[in-house]
Amino acid sequence: MKSLLPTSIRIPRVLTIAGSDSGGGAGLQADLKVITALGGYGMSVITAITAQNTLGVTRIQDVDLDVVEAQIDAVLLDIGADIVKIGMLASPEIVRTVAKTLRKHGVSRIILDPVLRATSGASLGGDDTAQAMMQELFPMATLITPNLDEASLLLGHDIAGPNEFQFAAQKLLEMGPQAVLIKGGHLDASHTQITDYLMWRTIEDSLEVVQSKEFKHYRVNTANTHGTGCSLAAAIATYLADGHDLSHAVAKAIAYVEAGLEAGRFLSIGEGPGPLWHMHDFYPTALPNEESS
């Protein structure tokens, strides 16, 4: 029986709707680690089960549509969510089911990471799924966070570099979201500095104004980058749920992921590209000679 005593402690409630990564580095497993590390209460809706490790994805099984809907209903009818983060939606039907169910519950704060391809190159969606996202979820989204490959797929043409980010963000913003963050980490490794580009709508003196901001940061020299996109979007969601404004939430999330990449540089997890270290604030990592110096 629930206690009748009044509760006074409240923490940010973040619901992640995403695929399961059996290797634990990306997907909803990464999301829940991030949410917990940043002081939120994480909940999850599984949209697909992937058989995957650091070497790649070997199988994907979509979850039945009624089960996806039932998971969302179960969480939102009881616990509720201050924000919803959406990751892998592997089919147009799942996209439409998620959008319909979130509309039913009146969810108004959504961070959409349009996951269409794994770091290994495996397809996690396709053109039909991308079209469904643009039609159903973009107009509902507080923020979308495509990387360069995803932005190129959504726009139908390649984005060569940071000089094209503004135009690309404008085109994506015209598709309906309140804000767009184009992530520049997929540029080739000769670019030692990464540029992420944020563009968002705001209201000033009763008029809509479009603002933008660049975030420049150095590229961490590591192969362990699995799950960075999922982790960044989950971090932004958690910071927003905790009361930060959009620009500040993005800046803090980038710093969190950068610290996780730095802390995970020498971790040996699997035979391929491993994950960043999500728990760096609680369990620091260091090489033996670094610990003794």
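## How α7 and α8 cross

In this predicted model, helices α7 and α8 cross with a right-handed sense. Helix α7 covers residues 228-241 and helix α8 covers residues 246-263; their axes come within 8 Å, at a crossing angle of roughly 140 degrees. That angle makes α7 oblique to α8, because only angles over 145 degrees count as roughly antiparallel.

Which residues bring these two helices together? From α7, the contact draws on Thr-228, Ser-231, Leu-232, Ala-235, Ile-236, Tyr-239 and Leu-240. Their partners in α8 are Leu-246, Ala-249, Val-250, Lys-252, Ala-253, Ile-254, Tyr-256, Val-257 and Leu-261. Sorted by class, the contact of α7 with α8 holds 13 nonpolar residues, two polar ones and one charged one.

## How α3 packs on α4

Now for a second pair of helices. Helix α3 (residues 92-104) and helix α4 (residues 127-137) have axes that come within 8 Å and cross at roughly 15 degrees. Since angles under 35 degrees count as roughly parallel, α3 is roughly parallel to α4. The crossing of α3 and α4 is right-handed.

On the α3 side, the contact is made by Pro-92, Val-95, Arg-96, Ala-99 and Arg-103. Helix α4 contributes Asp-128, Thr-129, Ala-132, Met-133, Glu-136 and Leu-137.

Definitions and conventions. Residues numbered from 1 in each chain as written. Predicted model: local features only at pLDDT ≥ 70, side-chain atom pairs only at ≥ 80, totals over all residues. Heavy atoms only, no water. Axes fitted to C-alpha atoms, helices over the stretch in contact; angles between N-to-C directions. Helix = DSSP H or I, 4+ residues; strand = E, 2+ residues; numbered from the N terminus. Parallel < 35°, antiparallel > 145°, perpendicular 65-115°, else oblique. Left-handed = near helix turned anticlockwise from the far one by under 90°. Contact = heavy atoms within 4.5 Å. Nonpolar A, V, L, I, M, F, W, Y, C, P; charged D, E, K, R; others polar.
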